[in-house]
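Hello,

Here is the structure I said I would pass on. My notes on it follow below.

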Amino acid sequence: MPAYNAEKTLARTVADIPAGSVDSIILVDDCSKDRTVSIAKELGLRVIQHESNQGYGGNQKTCYREALAAGADIVVMIHADYQYDARLVPYLTGIIHSGICDVVLGNRIRTRQEALGGGMPFYKYVSNRLLTIIENLAMGQNLGEWHSGLRGYSRKVLETIPWEKNSNDFVFDCEFLVQAAALGFRLGDIPVPARYFEEASSINFQRSVRYGLASLKTIIRYHLHRWRLWTCPLFVPR
């Protein structure tokens, strides 16, 4: 659970995780300026604190290192800001445990009406749709959304993908999915409600544009690697 200034939403997120569906909850705090760490400790979570802000991708890297070191067979990444419905955790793990998929995402865009009704800004809806179409076509996938913060991974995925070489910024998520598809893992998704509200974390328009361009760049880098025009370390298995 990557976290940054999540004191208002952390307890609700944890409370929604069905009892008995996880063995351990690891929270990695990226130098929050509020009571995120103290609340996490009160909730009995295993807390890792960064000494300096590492960014969204950097936070996930610590999450996965700690999860693998703890011996996890399946890892679910969910934001601490209550933007994703934690009640779905056992469904993600169940699909992976059953051997149906290696990677499972929460898809917030079941319908346009539902996504916008959940507070997703219109420009984010449009950009999400366009990027997802391009990414599906480029990578031969059929995901409903490529830009979800609710994800489940098998241990094999985390042991194969060289995610340590990914960006420390928000494009980490896109890079990870491109890597998973490129390396032949089975990707799938399940519907999850869209939740946009004041306390939920969200990047602004300018950072969204940078994220979109970085995502497209990742696709280009992959195809250059695939066509052997340029060797990209992101797509060389660990």
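Arg-228 has a relative accessibility of 78%, so Arg-228 counts as exposed. Please keep in mind that this is a predicted model. Arg-228 lies in the segment after H9, and its phi is near 60°, a positive value in a residue other than glycine. For background, most residues other than glycine have a negative phi.

Cys-31 also has a positive phi, near 65°, and is not a glycine either. Cys-31 sits in the loop between E2 and helix H2 (36–42).

**Nonpolar cores**

In soluble globular proteins, nonpolar side chains tend to be buried together. Here the largest nonpolar core has 38 residues. The residues with the most contacts inside this core are Tyr-64, Val-103, Leu-158, Trp-163, Phe-176, Val-178 and Leu-187. At least two residues of the core come from each of these elements: strands E2 (26–29), E4 (74–78) and E5 (103–107), and helices H3 (55–69), H7 (155–160), H8 (172–182) and H9 (205–226). H8 contributes the most, with seven residues.

Which residues does Phe-176 touch, not counting those up to four places away in sequence? They are Tyr-64, Tyr-153, Val-157, Leu-158, Ile-161, Trp-163 and Asn-166. There is also a second, separate core of 24 residues, with Val-37, Leu-45, Leu-150 and Ile-190 among them.

**Packing of H8 and H9**

Two packed helices are described by the angle between their axes and the distance between the axes. For H8 and H9, the axes come within 9 Å and cross at roughly 25°. Angles under 35 degrees count as roughly parallel, and H8 and H9 are therefore roughly parallel to each other. Their crossing is right-handed.

On the H8 side, the residues in this contact are Cys-174, Glu-175, Val-178 and Ala-182. They meet Tyr-211, Ser-215, Thr-218, Ile-219, Arg-221 and Tyr-222 in H9. By class, the contact of H8 with H9 has six nonpolar, two polar and two charged residues. Val-178, listed here on the H8 side, is also one of the residues with the most contacts inside the largest core.

Regards

Terms used: Residues are numbered from 1 along each chain as its sequence is written. This is a predicted model: local features need pLDDT of at least 70, side-chain atom pairs count only at pLDDT 80 or more; totals for chains, interfaces and linings use all residues. Side-chain values use heavy atoms; hydrogens and water are left out. A nonpolar core is a set of buried Ala, Val, Leu, Ile, Met, Phe, Trp, Tyr and Cys residues joined through side-chain atoms within 4.5 Å. Buried means under 20% relative accessible area, exposed over 50%, partly exposed in between (1.4 Å probe, protein chains only). Helices (H or I, at least four residues) and strands (E, at least two) are DSSP runs, numbered from the N terminus. Contact means heavy atoms within 4.5 Å. Axes are lines fitted to C-alpha atoms, for helices over the stretch in contact, and angles run from 0 to 180 degrees between N-to-C directions. Angles under 35 degrees count as roughly parallel, over 145 as roughly antiparallel, 65 to 115 as roughly perpendicular and the rest as oblique. A crossing is left-handed if the near helix is turned anticlockwise from the far one by less than a right angle, and right-handed if clockwise. Ala, Val, Leu, Ile, Met, Phe, Trp, Tyr, Cys and Pro count as nonpolar, Asp, Glu, Lys and Arg as charged, and the others, Gly among them, as polar.
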